[in-house]
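Biologist: I have not seen this structure before. Could you take me through it in questions and answers?

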Amino acid sequence: MMSGILCLLALPFLLGQTTGDLEPPIPSTPSSSFPDSVPSSSFLSASSSNSSFGPSPGSVSQSLSNFTGFEDDHGTCQCSVTLPDTTFPVQRVERLEVTAHILSQKFEKELSKVREYVQLISVYEKKLLNLTVRVEIMEKDTISYTELDFELIKIEVQEMEKLVTQLKGSVGSVVGSTAIVDQLEVEIRNMTLLVEKLETLDKNNVLAIRREILALKTRLKECEASKGENVPVSPPPPAPGSCGHGGVMNISKPAVVQLNWRGFAYKYGAWGRDYSPQHPEGGLYWVAPLNTDGRTLEYYRLHNTLDDLLLYVNARDYRITYGQGGGTAVYNNFMYVNWYNTRSIAKINLSNNRAEVTQSLPNAAYNNRFSYANVGWQDIDLAVDENGLWVIYSTEASTGNMVISKLNDTTLVVLNTWYTRQYKPSVSNAFMVCGVLYATRTLNTKTEEIFYYYDTNTGKEGRLDITLHKMQERVQSINYHPFEQKLFVYNDGYLLNYDVIFNQKPK
């Protein structure tokens, strides 16, 4: 009984140390030191009232709620104590540390995603700003004449100034023309000032300035022709639509008509004017830019007059789903295109936008097998001249050399075929005039050269060196109009015009 009391006596000190009690424990006393006559209840009461024993009686009873004690064979008190929940929760802290580490990893992962999103937002913000600026420029006016248009006008005016200077130098041979030359010089000076002013004013007035420049050019030519009475008058140019000449001798400098109606991004395509032998002086203007992939012809636009085209008014827009490449041509109110992903040609009625005839071109290579240099998807190039409808292409049998076929414009059946010795992928583009094929090649970023011809009338072929100036780096298509005797060139999205100058000596 006494040893059990000793076990109970030591337990409060153990608990006091466990729970942070700073009072030193009372040394254990052998059981023989306690008199047998002392009742156990009295001892417990005395130990409870002694402040050296630790907590108050109430806290002792609460702390000793989970323990067991016994005396072993050697008389030593053995106690087993279950500590209460008020002790430090080590396992919970460890679990908390693991959870905090996992959360930290997730946070770093999400933070890296946020950094990526911030970079993407910065890139898209710049793109959006660029698009906003471009849209604002387009919204200012429906006509998007650029600095290039005005630079070309300035160049033309400067050339007229040089010509007037030459005329003044030879004024002694110009009988009674001094006043005319002086008047022209004043008008050209006024023209220069007007061009500079137009760059900051309503751009629709570009039409008026073009007409004035054309009138001045005509008067300058007349004045130059009258410099000497003994100078023989040059023969008149061939009649429009006729072939009474010796072939192409030269090409004028380009006149920029405008940017294509779909914008700067549409660098590939074709444009021209419809030619009809029954009504040669008429014919609508057409513009057919390819989609930005440089392959698909999906939309084209028609204008009744050149002024309508320049002003972007009275336009008729159409959509097709089967056009491919920039080898488009228009003849007798029908548009002829290469059918997408095939060697076939489609004939589209421009009055109702319906493909009335489709015909496969025998043995023709297609889908970039033998397209022009720097221009894709133009293996099949359709052309119009005084003799009708033609197609320029290559075959596997010709090993990539150019093949010329005359087509029946009603049925698209091949009427006749000529084989050349000119490799088509080394040619930048080609066109037909009076049954003669003229091929171009690139000399540099500002110049093309008509370097090759093949005459289907005689079967002869040869070399030429006719310079063709351009405004942008690449020429995507060339179409010839027999009545106007002009080339319609699609140059990196810009629509250019060239006058064709013929050799007056008949063949």
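Biologist: Which residue stands opposite Ala288 of strand 6?

Modeller: This is a predicted model, and strand 6 covers residues 285-289. Strand 5, residues 269-273, pairs with strand 6 in the antiparallel sense over five bridges. The residue that stands opposite Ala288 is Ala270.

Biologist: And on the side of strand 7, which residue is the bridge partner of Val287?

Modeller: Strand 7 spans residues 296-303 and runs antiparallel to strand 6, with three bridges joining the two. In strand 7, the partner of Val287 is Arg301.

Biologist: Which residue takes a positive phi in the hairpin of strand 6 and strand 7?

Modeller: That hairpin has six residues between its strands. The positive phi there is near 75°, and the residue that takes it is Gly294.

Biologist: How many residues of strand 6 are buried?

Modeller: Tyr285, Val287 and Pro289 point one way from strand 6, and these residues are buried. Trp286 and Ala288 point the other way and are buried too. Strand 6 is therefore mostly covered, since buried means under 20% relative accessible area, and the count of buried residues is five of five.

Biologist: What percentage of the whole chain counts as buried?

Modeller: The chain has eight helices and 22 strands. Its accessible surface comes to about 27,600 Å², with 54% of that belonging to carbon and sulfur atoms. Of its 507 residues, the buried share is 40%.

Biologist: Among contacts between residues at least 6 apart in sequence, what percentage join residues at least 24 apart?

Modeller: A contact here means heavy atoms within 4.5 Å. Of the contacts in the chain that meet the separation of at least 6, the share that join residues at least 24 apart is 56%.

Biologist: Asn314 is not a glycine, yet its phi is positive. Is this residue buried or exposed?

Modeller: Asn314 is found in the loop between helix 8, residues 306-311, and strand 8, residues 316-331. Its phi is about 55°. With a relative accessible area of 56%, Asn314 is exposed.

Biologist: What is the relative accessible area of Asn333?

Modeller: Asn333 is another residue other than glycine with a positive phi, in this case near 70°. Asn333 lies in the loop between strand 8 and strand 9, which covers 334-339. It is partly exposed, with a relative accessible area of 25%.

Biologist: How many residues apart in sequence are the parts tied together by Tyr275 and Tyr331?

Modeller: The chain has seven aromatic pairs. Tyr275 and Tyr331 form a tilted one, 6.4 Å centre to centre with 40° between the planes. Tyr275 lies in the loop between strand 5 and strand 6, whereas Tyr331 is in strand 8, so the pair ties together parts whose separation in residues is 56.

Biologist: What kind of pair do Phe431 and Tyr438 form?

Modeller: Phe431 is buried at a relative accessible area of 1%, and Tyr438 counts as buried at 5%. Their ring centres are 5.5 Å apart and the planes lie at 20°. Planes under 30 degrees apart count as stacked, so the pair is stacked.

Biologist: Over the ring of which residue does the charged end of Lys406 sit?

Modeller: There is also a lysine over the face of Tyr372, namely Lys424, at 4.0 Å from the ring centre. For Lys406, the distance to the ring centre is 5.7 Å, and the ring belongs to Trp390.

Biologist: Which residue has its backbone nitrogen 2.8 Å from a polar atom of the side chain of Ser252?

Modeller: Ser252 is in the loop between strand 3, residues 248-251, and strand 4, residues 255-259. Ser252 is buried, with a relative accessible area of 18%. Leaving out residues up to four places away in sequence, it touches Tyr498, Asp499 and Ile501. The backbone nitrogen in question belongs to Asp499.

Biologist: What distance separates the C-alpha atoms of Val414 and Val391?

Modeller: Val414 is found in strand 15, residues 414-423, and counts as partly exposed at 26% relative accessibility. Apart from residues up to four places away in sequence, Val414 touches Leu361, Pro362, Ser405, Lys406 and Leu407. Val391 is 23 residues from Val414 along the chain, and their C-alpha atoms are separated by 9.2 Å.

Key
Residues numbered from 1 in each chain as written. Predicted model: local features only at pLDDT ≥ 70, side-chain atom pairs only at ≥ 80, totals over all residues. Heavy atoms only, no water. Buried < 20%, exposed > 50% of the residue type's maximum accessible area, 1.4 Å probe, protein only. Helix = DSSP H or I, 4+ residues; strand = E, 2+ residues; numbered from the N terminus. Pairing = 2+ DSSP bridges. Areas by Shrake-Rupley, 256 points an atom, 1.4 Å probe, with all protein chains shown as cover. Phe/Tyr/Trp six-rings, centres within 6.5 Å; stacked < 30°, edge-to-face > 60°. Lys NZ or Arg CZ within 6 Å of the ring centre and 35° of its normal. Polar contact = N/O pair within 3.5 Å; in protein donor to acceptor, adjacent residues only side chain to side chain.
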